[in-house]
Amino acid sequence: METNLKHKKILLGVTGSIAAYKSPLLVRELIKAGAEVKVVMTPPAREFVTPLILSNLSMNPVVVDMFDKQMQSAGAWHIHLSHWCNAMIIAPCSASTLGKIAHGICDTTLVTLATSLPRGIPFIISPAMDTDMWLNPSTQRNVKILKGDGAIIIPPDKGELASGLSGPGRMPEVDVIRDYVINILSYNINKKADDELNKSLNPLPESVDSDKWNAELELEQMKQANSGDYPHKFLSGRKILITAGPTYEKIDDIRYIANHSSGKMGFAIARQAQKAGADVTIIAGPVSIPTPEGVERIDVTSADEMYHKTTEIFPHFDIAIMAAAVADYTPVMPQQGKIKKGVAGDSLTLELKSTKDILAALGKSKNARQMVIGFALEATNELNYGREKLKTKNCDMIVVNSANKGRSGFGGDDNTIIIIDSNGDQIDFMPMSKDMCAIEILNYAVEMAGR
Ligand code: CTP
């Protein structure tokens, strides 16, 4: 790891989960990487690991009791502590604490601190619990709420659990968690420093759209953050097929019908999936975007070509993500040569026929172990149309985005997405870079596959 945690202050929350036995090791790893660590425990966590061990290793007092007399002498101690840290991480996080944070139930020190964490400080949660608790709809609902609120959820590992059962729910090893903290903090702290630097060097004139400026800055830092590999290859062993970009429908040898799709969303998914360890193929319409490293690319031009290529190779893939803006209609009889003005006269009528729906074809032919994900770009009534497409095209999940919202849609580097899955569950995300949207979509797909 080229970056470490020197001078970084980490607030570590520990809850009552059997995985709390790993917390002392995590404290050691964070300190070894240069961090200063303060630990906060929920009362049940003490049944699994003692405050004494954690205070010895962290070299700081451990907070458990909200009304601890020692803490009261420090005024609004919870505000001081949540403002003190550069990042807060809860590892392991039990189903109960997860739910309380999602709903702002501040009946423990830990939830109080999480709730008073200033916006912009990374909040990382590593849920750890038995498979059935993890898969319980209420836990999944709470995870979605927290993600939507900006928390970073480290997906639990699959494997043997303390109960003897096997499935998702294990807390990842401490080096994986440490690497998440390092990656997220190096991104966030660079961003803060750059923000300060940019403000002092180049104060923004009032006429500048500061939202747009911030989005650009965020993207730049995101690019830096994304130059590294994922510490946790959560898509390792999966084969992912992606479509991207527009299609061109030929009118004659010179002209075509197209749309404004830039292909950026599909390429961001391909890039992130490859980084997360997947074997990725992208079928791209005409776009001028470089192929992400390690991704197999097949270039096509028309909707018909895209249909044939995609349906031909789909049986070899586990997950298909259809991000292309495929033309719905194509000229019935493209002309050879050039349609001449003199011949066509004052008006020209083009006869169009509908193209084949690639997503619907995959939805129809998929087997039980394949997952099909669609996109829905809507101008109005986005949720209703999105849900309708999810159903009629038999998708496992649909990513809805609105053509009219700011930081959304074609061309830009950001998107504002809503994920709806085949159970009807929905999660609304804040505007993010397309790379971040890609990570959320892939994370959701993996979680769904594990259910
Ligand atoms: N799609 C596809 N093949 C088509 C048309 C669309 O695979 N011929 C896919 C897109 O890649 C996207 C989803 O279907 O994943 C929805 O596309 P969209 O253009 O939003 O909707 P349409 O189904 O074309 O319906 P409408 O244009 O009426 O909104």
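**Figure 1. The whole chain.** The protein chain exposes about 21400 Å², and carbon and sulfur atoms supply 52% of that area. Accessible areas come from the Shrake-Rupley method with a 1.4 Å probe; for residues, only the protein chains shown count as cover. This is a predicted model, in which local features need pLDDT of at least 70, side-chain atom pairs count only at pLDDT 80 or more, and totals for chains, interfaces and linings use all residues. Residues are numbered from 1 along each chain as its sequence is written, and side-chain values use heavy atoms, leaving out hydrogens and water. The chain holds 16 helices and 21 strands. Both are DSSP runs, numbered from the N terminus: helices are H or I with at least four residues, strands are E with at least two. Of its 451 residues, 52% count as buried. Buried means under 20% relative accessible area, exposed over 50%, and partly exposed in between (1.4 Å probe, protein chains only). Among contacts (heavy atoms within 4.5 Å) between residues at least 6 apart in sequence, 69% join residues at least 24 apart.

Figure 2. E29 pairs with K32 in a salt bridge, with the closest N and O atoms 3.4 Å apart. A salt bridge here is a side-chain nitrogen of Lys or Arg within 4 Å of a carboxyl oxygen of Asp or Glu. Side chains of opposite charge can pair when their charged atoms come close. E29 and K32 sit three residues apart in helix α1 (residues 23-32), so about one helical turn separates them. E29 is buried, at 15% relative accessible area. K32 is exposed, at 62%. A network of salt bridges links E29, K32, R178 and D179. The whole structure has 20 salt bridges.

**Figure 3. Two further salt bridges.** R170 and E173 form one, their closest N and O atoms being 3.3 Å apart. R170 is partly exposed at 28% relative accessible area, and E173 is partly exposed at 38%. In helix α12 (residues 303-313), E312 and K309 lie three residues apart, about one turn of the helix. Their side chains meet in a salt bridge (3.6 Å, N to O). K309 is partly exposed, with 27% relative accessibility.

**Figure 4. A nonpolar surface patch.** Y329, L348, L350 and L352 make a patch of about 380 Å². Patch residues have over 30% relative accessible area and no salt bridge; nonpolar side chains (Val, Leu, Ile, Met, Phe, Trp, Tyr) are joined within 5 Å, like charges within 9 Å. L350 lies in the loop between α13 (341-344) and β15 (352-354). L350 counts as partly exposed, at 37% relative accessibility.
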